[in-house]
Amino acid sequence: MTLPLHFSAEVTRARAEGIPVVALESTIITHGMPYPDNLRVAREVEAEVRATGACPATIAVIAGQLHIGLDADQLETLAQSKGVAKLSRADMAVCIATGGTGATTVAATMIAAHLAGIAVFATGGIGGVHKGAEQSFDISADLMELAQTPVTVVAAGAKAILDVAKTLEVLETQGVPVITFGQDAFPAFWSATSRLKSPLRLDTAKAIASAHRTRAAMGLPGGQLVANPIPKEDEIPSQELAPVIAKAQADAEAHGITGKAVTPYLLQRIYELTEGRSLTANIALVRNNARLAAQIALALSTIDAR
Ligand code: PSU
Ligand code: MN
């Protein structure tokens, strides 16, 4: 059988003209932010990729078709839909085979990007090892995906809703390069720095692109995680957020939230508890990541042209 891959008109044109494409996920739209902010952000992030000279491809499964790039109507419909499935590696094939609709997580977006020949992907934060994972075993499939699918993922580090130190340990075990852009400290999503040192550091998009190609040339499977710090002027200091995160976590436990519902629940609760302030920072960092991802995609195409 052939896979029902569907390219948007914009992505089809970019591929024909050799314009580099940057993948964008859709779970951030359906499960990460409320409507209508989610739609505005999705549009702004796409615009950021275009302004840098690359082509955005937001990825989702709609009525059993794996869409690489969404048109304006599809984006709007997805942003307004309630109860859309959240698709990770485990759920994607069943959703496509049954004609379902779902938003793709980092893991699922990486799979789709690779199928579509896209090497770079921008998001906000990746999933990771949850606090208390020694009891719950809750470790995001995003980490194992980074170990096996050759896509460079640009994120703003990992949220403090996760156990960030354990997340870095698992990435190291899985052989995933964790490269912080332009600084030594690993960034902490809403905050530009954490107390953790980044395993690796690179200072240019060109160097990140070169590392991506070198990995492939060595026959190593998997991708790279690029941690891009939120711009200083947009950050929220981590000590301000710590009590909010603790409260959200306590609420999740009190309500018996488990499995794939945990991350969306925590994100929603933190949004409510900060009265939307977390969202402003979130928007700034996703745009910043889209810009860097587009620069890496352009650098990759320059390397390939030589
Ligand atoms: N972390 C964030 N924002 C997000 C997500 C994670 O800071 O929107 C989303 C991403 O789509 C990520 C997914 O791939 O949640 C991870 O979910 P889980 O922890 O269930 O694997
Ligand atoms: Mn999980």
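Start by selecting Ser191 and Ser238: the backbone nitrogen of Ser238 lies 3.3 Å from a polar atom of the Ser191 side chain. That is a polar contact, meaning a pair of N or O atoms within 3.5 Å; within protein, one must be able to donate a hydrogen and the other to accept it, and residues adjacent in sequence count only if both atoms are side-chain atoms.

Before you click on, some ground rules. You're looking at a predicted model, where local features need pLDDT of at least 70 and side-chain atom pairs count only at pLDDT 80 or more, while totals for chains, interfaces and linings use all residues. Residues are numbered from 1 along each chain as its sequence is written, chains are lettered from A and ligands numbered from 1 in the order in which they are written, and side-chain values use heavy atoms, with hydrogens and water left out.

**Around Ser191**

Stay with Ser191, which sits in the loop between strand S9 (178-181) and strand S10 (200-202). Helices (H or I, at least four residues) and strands (E, at least two) are DSSP runs, numbered from the N terminus. Ser191 is buried, with a relative accessible area of 3%. Here buried means under 20% relative accessible area, exposed means over 50%, and partly exposed is in between (1.4 Å probe, protein chains only). Now show what touches Ser191: leaving aside neighbours within four places in sequence, Ser191 is in contact with Ile230, Glu235, Ile236, Pro237 and Ser238. Contact means heavy atoms within 4.5 Å.

**Zoom out**

Switch to a cartoon view of the protein chain, and you can look for 13 helices and 11 strands. The radius of gyration is 18 Å, close to the 19 Å that the globule rule gives for 306 residues, so the chain is as compact as a globular protein of that length. That radius is taken over C-alpha atoms, and the globule rule is 2.2 Å times the number of residues to the power 0.38. Along the principal axes, the C-alpha atoms fill a box of roughly 50 × 40 × 35 Å.

Colour by burial next: buried residues make up 55% of the 306 in the chain. How do the contacts run along the sequence? Among contacts between residues at least 6 apart in sequence, 73% join residues at least 24 apart.

**Helix H8 and its partners**

Select residues 141-148, which form helix H8; the buried residues here are Asp142, Leu143, Glu145, Leu146 and Ala147. What do these buried residues pack against? Show H6, S8, H9 and strand S11 (224-227) to find out. At the N-terminal end of H8, look for Ser140, the cap: a side-chain oxygen lies 3.0 Å from the backbone nitrogen of Asp142.

Hop over to Met110 in helix H6 (residues 106-115). Is Met110 buried or exposed? Buried, with a relative accessible area of 0%. Beyond the neighbours within four places in sequence, Met110 is in contact with Phe121, Glu145, Leu146, Thr149, Val151 and Val153. Try the distance tool on Met110 and Ala147: they are 37 residues apart in sequence and 11 Å apart in space, C-alpha to C-alpha.

**Two loop stops**

Pick Ser88, in the loop between strand S5 (85-87) and helix H5 (92-97). Ser88 is buried, with a relative accessible area of 16%. Leaving out neighbours within four places in sequence, Ser88 is in contact with Thr105, Ala107, Ala108 and Ala141.

Then go to Ala158, in the loop between strand S8 (152-155) and helix H9 (164-173). Ala158 is buried too, with a relative accessible area of 2%. With neighbours within four places set aside, Ala158 is in contact with Val164, Phe186, Pro187, Ala188 and Phe189.

Most residues other than glycine have a negative phi, and most peptide bonds are trans. With that in mind, here are some spots to check.

- Ala63 has a phi near 45°, a positive value in a residue other than glycine. Find Ala63 in the loop between strand S3 (55-62) and strand S4 (65-68), where this residue is exposed, with a relative accessible area of 54%.
- Glu275 has a positive phi as well, near 50°. Look in the loop between helix H12 (262-273) and helix H13 (277-305); Glu275 is exposed, with a relative accessible area of 76%.
- The peptide bond from Tyr35 to Pro36 is cis, with omega near 5°. Pro36 is in the loop between helix H2 (27-30) and helix H3 (37-51).
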